[in-house]
Amino acid sequence: MDSHKDQEIGAPPLNPNDDDHDQEELEWIRHEAQRRFAALRQHVASLTEPPEPWLPNGHSLRPEEKETSDPCSRVPKSWFFHATGFWLEPGLCRPEKCHDMKSYMQALVEQHWHPRFAKKEKHNDDHINSNNDDDDDNNNHQQQHDPLESFGTTKEQNEARGDYFLDSAARIHFFAEPSAIDSEHRLLPQFSSHHHKILALNKVGHGLHLLSSSSLSSSLSSKKKNPFVEWTHSPQLCDLVRHGLQSWQDPVVPQSMYIFKHGRLDSTSRSSCSSCNSNAVHAHQDSTFLCTTPYQSCLGVWLALDDATLTNGCLWVRPYSHREPLRRQYQRNAKYFEEITKNGHNDNGNDKDKDNTTKEPKLVMKHLTTTTTIMDDDEPNHGPHEEEEEAALPHPDTTPRQLLDLGWLPVECRAGDVLLFCGTLDHLSLANHSPHPRHSFQLHLVEGPRAGVTWSPLNWLQYNDYHQHQQRRHNHNHPKDNHNHNDPTEFVRLLPADPDTTTERKDTTTGSPTTTKADETIAPPS
């Protein structure tokens with residue numbers, strides 16, 4: 001933390017790498033962003049009363065927090081968070097822990113992801129191919145390839161996802177960049193090396209934080225702990241959420257994901273792909289994918305594993321947008337699942353969907369109007385109003401200067417910094433135009449039932465009914481995937497990782513104190 005003592009929220013790393021970009025334009029953007037961040041801090045510092053908490057749970061922010069403000073920003077972190085919708089906590093994760101996560105992920109990909117590759121042509125000057133014939137042989141002799149599914153954030157890509165995505169709720173699954181896959185759904189040849197296939201990935205999710213998923217990586221080392229589980233239950237993170245932000249009473253963790261956002265490389269890698277914005281992320285609200293009722297309670301916890309700058313795709317936020325209502329919900333399509341339930345399954349685990357002429361997608365993006373709620377399962381609405389809202393959001397081709405003009409701010413940060421933001425805060429990231437990676441690990445928290453909050457049964461992520469419905473299919477298609485028998489049916493509570501650590505809480509139903517183990521989990525309400 002000492003190395004960050006001079007860093008203020010929104011400040012860029014001390015030595016940002018801005019290769020191949022106009023330095024004058026970048027410095028202007030940074031200067032303007034800093035001016036606006038200073039205005040935000042000044043506004044919060046001028047408040048005489050705490051701002052209204054984002055979570056309408058009846059708990060007010062403590063006025064005395066003003067006297068114990070963070071020395072880096074000179075404003076109370078809880079006040080700034082609830083007033084603007086986000087907070088950057090410098091140096092919460094030590095550099096060696098960030099390195100452990102990156103190394104662990106590299107080993108996971110190398111040992112547990114075996115996609116199909118397109119055949120590559122041999123060239124004398126191919127420096128990747130020259131020493132990796134053993135990797136090619138290993139790939140060619142794979143008896144069974146893992147499913148190869150890409151991940152993008154357009155409307156079409158969101159609604160095209162299938163079983164592999166849905167099955168990832170409590171497991172560790174790998175998702176490639178759309179531009180890294182050929183027309184026959186194979187990885188492009190430049191990624192066929194054992195050590196280079198990681199460069200084709202967009203993300204890994206969504207159960208990295210679960211002890212039940214750690215069996216996937218048990219072969220890495222019998223003595224090596226899962227750093228993602230350790231981080232999820234680290235005391236500094238628990239303290240920040242529970243006490244620093246002051247609002248969450250019963251935080252639970254539905255999902256986690258590792259985002260790669262690789263940099264441009266040489267002509268043998270992804271820079272040769274036609275879609276230069278393939279790793280840009282569209283503007284969105286995280287609660288779209290993690291809805292709760294009677295109010296939205298999602299908290300994004302975004303850990304930078306590399307320095308995040310303007311050129312390698314740092315996050316952009318739209319301050320104060322967290323007070324706006326949730327626009328959409330990403331839902332499992334009731335029509336599809338009703339059809340599957342009616343048709344049943346064959347003995348080999350495959351759906352008997354030959355008579356299903358509707359060809360319904362498994363997932364749909366539903367527009368939420370003033371009369372619909374996250375519990376409604378009526379027809380998805382893709383009407384003119386939604387199109388107008390979507391058209392008003394920035395496109396991935398939007399320039400940094402244009403984003404500033406639209407009221408967005410870049411949040412540059414160092415590896416180990418954590419950006420926390422409300423689930424209804426608009427945020428995005430532009431493509432990585434630099435040769436430097438921008439890896440990150442993200443957790444999503446929501447309030448649990450002890451706080452009177454319910455997980456929407458329409459959310460795409462469900463540990464129970466969908467997995468029970470699909471278990472036989474998955475076991476048939478992936479017999480080697482033994483860890484699938486360990487799926488949790490509950491969300492893990494945000495507590496310190498020490499199994500001997502206990503905390504006293506008051507049960508919301510009886511009013512009596514209860515003692516909770518650190519590894520206790522809770523079932524998502526159905």
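Here are some friendly notes on this predicted model, meant for someone opening it for the first time.

1. **The chain as a whole.** Let's begin with the overall make-up. The chain has 526 residues, and 57% of them are buried. Its secondary structure comprises 12 helices and 20 strands. The accessible surface is about 22800 Å², with carbon and sulfur atoms accounting for 49% of that area. If you look at contacts between residues at least 6 apart in sequence, 82% of them join residues at least 24 apart.

2. In soluble globular proteins, nonpolar side chains tend to be buried together. Here the largest nonpolar core has 110 residues. Helix α3, which spans residues 95-112, supplies the largest share of the core, namely six residues.

3. **A four-stranded sheet.** Next, find the open sheet whose strands run in the order β6-β14-β9-β12, with antiparallel pairing. Which strands stand at the edges? They are β6 (281-284) and β12 (409-411); each has a single partner strand, so one side of each is left without a neighbour in the sheet. On average, neighbouring strands of this sheet are turned by 25 degrees against each other, direction ignored.

4. Strand β6 pairs with β14 (residues 427-429) in the antiparallel sense, over two bridges. To follow this pairing residue by residue, look at valine 281, which stands opposite serine 429 in β14.

5. **A helix across the sheet.** Helix α1, made of residues 23-45, lies across two of the strands, β9 (315-317) and β12. Relative to β12, helix α1 runs at about 95 degrees.

6. **Helix α8 and what follows.** Helix α8 covers residues 235-244, and its buried residues are Leu237, Cys238, Leu240, Val241 and Gly244. An α-helix has 3.6 residues a turn, so residues three or four places apart point the same way. That is a handy thing to keep in mind when viewing the buried positions of α8. Just after the helix, glutamine 246 takes a positive phi of about 70 degrees.

7. Side chains of opposite charge can pair when their charged atoms come close. The count in this model comes to 15 salt bridges. One of them joins arginine 94 and glutamate 96, at 2.7 Å from N to O. Are these two residues buried or partly exposed? Arginine 94 is partly exposed because its relative accessible area is 45%, and glutamate 96, at 42%, is also partly exposed. Another bridge links aspartate 182 and arginine 186 at 3.0 Å, N to O. Here aspartate 182 has a relative accessibility of 17% and therefore counts as buried, while arginine 186 is buried at 18%; the cut-off for buried is under 20%.

8. **Shared partners.** Arginine 186 also meets glutamate 184 in a salt bridge, with an N to O distance of 3.7 Å. Elsewhere in the chain, you can trace a network of salt bridges linking Arg318, Glu324, Arg327 and Asp426.

Definitions and conventions: Residues numbered from 1 in each chain as written. Predicted model: local features only at pLDDT ≥ 70, side-chain atom pairs only at ≥ 80, totals over all residues. Heavy atoms only, no water. Buried < 20%, exposed > 50% of the residue type's maximum accessible area, 1.4 Å probe, protein only. Salt bridge = Lys/Arg side-chain N within 4 Å of Asp/Glu carboxyl O. Pairing = 2+ DSSP bridges. Axes fitted to C-alpha atoms, helices over the stretch in contact; angles between N-to-C directions. Contact = heavy atoms within 4.5 Å. Areas by Shrake-Rupley, 256 points an atom, 1.4 Å probe, with all protein chains shown as cover. Core = buried A, V, L, I, M, F, W, Y, C linked by side-chain atoms within 4.5 Å.
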